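Visitor: I have a model open and want to learn how to read it. Where do we begin?

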Amino acid sequence: MTHPHPGQKAAPGTVWLVGAGPGDPDLLTVKAARIISRARLIVHDGLVDDAILALARPDAQLISVAKKRARHTLPQPDINALLIEQARAGHDVVRLKGGDPFIFGRGGEEVDDCRAAGVRVEVIPGISAANGAAAAAQLPLTHRDLASAVTFVAGQCKGLTEQDWSGLAGKGRTLVIYMGVATGDAIAEKLIADGLSPDTPVAVLEKGTRADMRTLRTLLTDLGPMIAREQVVSPALIVIGDVVTRANATDCLPSLFAQHLEPVS
């Protein structure tokens with residue numbers, strides 16, 4: 001980037017919304033890796049793996065805007081304002097987001113604000129958490145014999161209890177729930193109340209694609225208790241549907257529920 005002469009206004013920079021993928025740095029796109037390695041300013045989520053941040057140039061400025069349940073380092077409007085401010089100052093800004101920027105990454109909001117401010121914005125997609133974690137667990141989200149549709153929902157969002165999830169999971173369908181670890185009991189109760197069988201197979205994919213990944217399997221009625229027993233932590237996804245039976249997973253069923261997976265003699 002060229003520097004302006006004294007008194008000369010800097011040309012606006014570009015905001016790059018970059019998908020960091022599910023965690024494994026080898027799953028970055030070639031373009032994402034190139035942009036990260038060249039960036040002087042990276043505004044990153046807390047879930048971006050340290051190995052990915054290590055790809056940045058030594059003199060890059062790294063700003064964490066980590067978000068946790070009910071506690072944000074920087075509220076979303078302030079993040080948007082930061083990106084715009086830096087771009088207007090003439091800096092190219094990498095907004096590095098876990099998974100894909102447009103799947104529960106609030107990338108749409110950042111694009112909207114950049115456009116409204118007249119700031120150039122580019123989006124580099126990433127392997128989503130669902131795709132990456134499911135692949136690492138050898139869990140097919142769709143399967144010719146088991147599921148021809150898949151739905152992504154957020155387990156923590158406004159108006160969760162009022163939402164109607166009936167029809168999103170069941171025979172021939174797969175439901176993937178992001179950000180649902182803290183609300184596992186409520187999710188199970190909600191789905192069962194909406195008509196889903198308590199015996200529906202469920203998997204929790206913890207730290208997908210990372211070296212310490214765990215794939216835990218149970219039945220829907222045991223979802224919340226299993227999360228507590230196994231001390232599941234974020235990042236983690238919940239997958240619900242018959243495709244879960246195909247996963248390379250650890251069965252965490254108490255004896256009361258294990259009978260549902262035993263073959264009938």
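Visitor: Which strands does helix H4 lie across?

Guide: Keep in mind that this model is predicted. Helix H4, residues 107–116, lies across E1, E6 and E7. Its direction runs at about 170° to E1. Angles run from 0 to 180 degrees between N-to-C directions.

Visitor: What is the strand order in the open sheet of five strands?

Guide: The order is E3-E2-E6-E1-E7, and the pairing is parallel.

Visitor: Why is one side of strand E3 and of strand E7 left without a neighbour in the sheet?

Guide: Strand E3 (61–64) and strand E7 (120–124) stand at the edges, each with a single partner strand, so one side of each has no neighbour in the sheet. From one strand to the next, the twist averages 20°.

Visitor: How many bridges join strand E1 to E7?

Guide: Five bridges join E1, residues 14–19, to E7, and the two run parallel. Take Trp16: its bridge partner in E7 is Glu122.

Visitor: Which strands does helix H3 touch?

Guide: Helix H3, residues 76–88, packs on the sheet and touches E1, strand E2 (41–44), E3 and strand E6 (93–97). The direction of H3 makes about 155° with that of E6.

Visitor: Now burial. Which residues are buried in helix H5?

Guide: Buried means under 20% relative accessible area. In H5, residues 129–136, Ala130, Gly132, Ala133 and Ala134 are buried.

Visitor: Which strands do the buried residues of H5 pack against?

Guide: They pack against strand E8 (147–154), strand E9 (172–178), strand E10 (201–206) and strand E12 (236–240).

Key. Residues numbered from 1 in each chain as written. Predicted model: local features only at pLDDT ≥ 70, side-chain atom pairs only at ≥ 80, totals over all residues. Heavy atoms only, no water. Buried < 20%, exposed > 50% of the residue type's maximum accessible area, 1.4 Å probe, protein only. Helix = DSSP H or I, 4+ residues; strand = E, 2+ residues; numbered from the N terminus. Contact = heavy atoms within 4.5 Å. Pairing = 2+ DSSP bridges.
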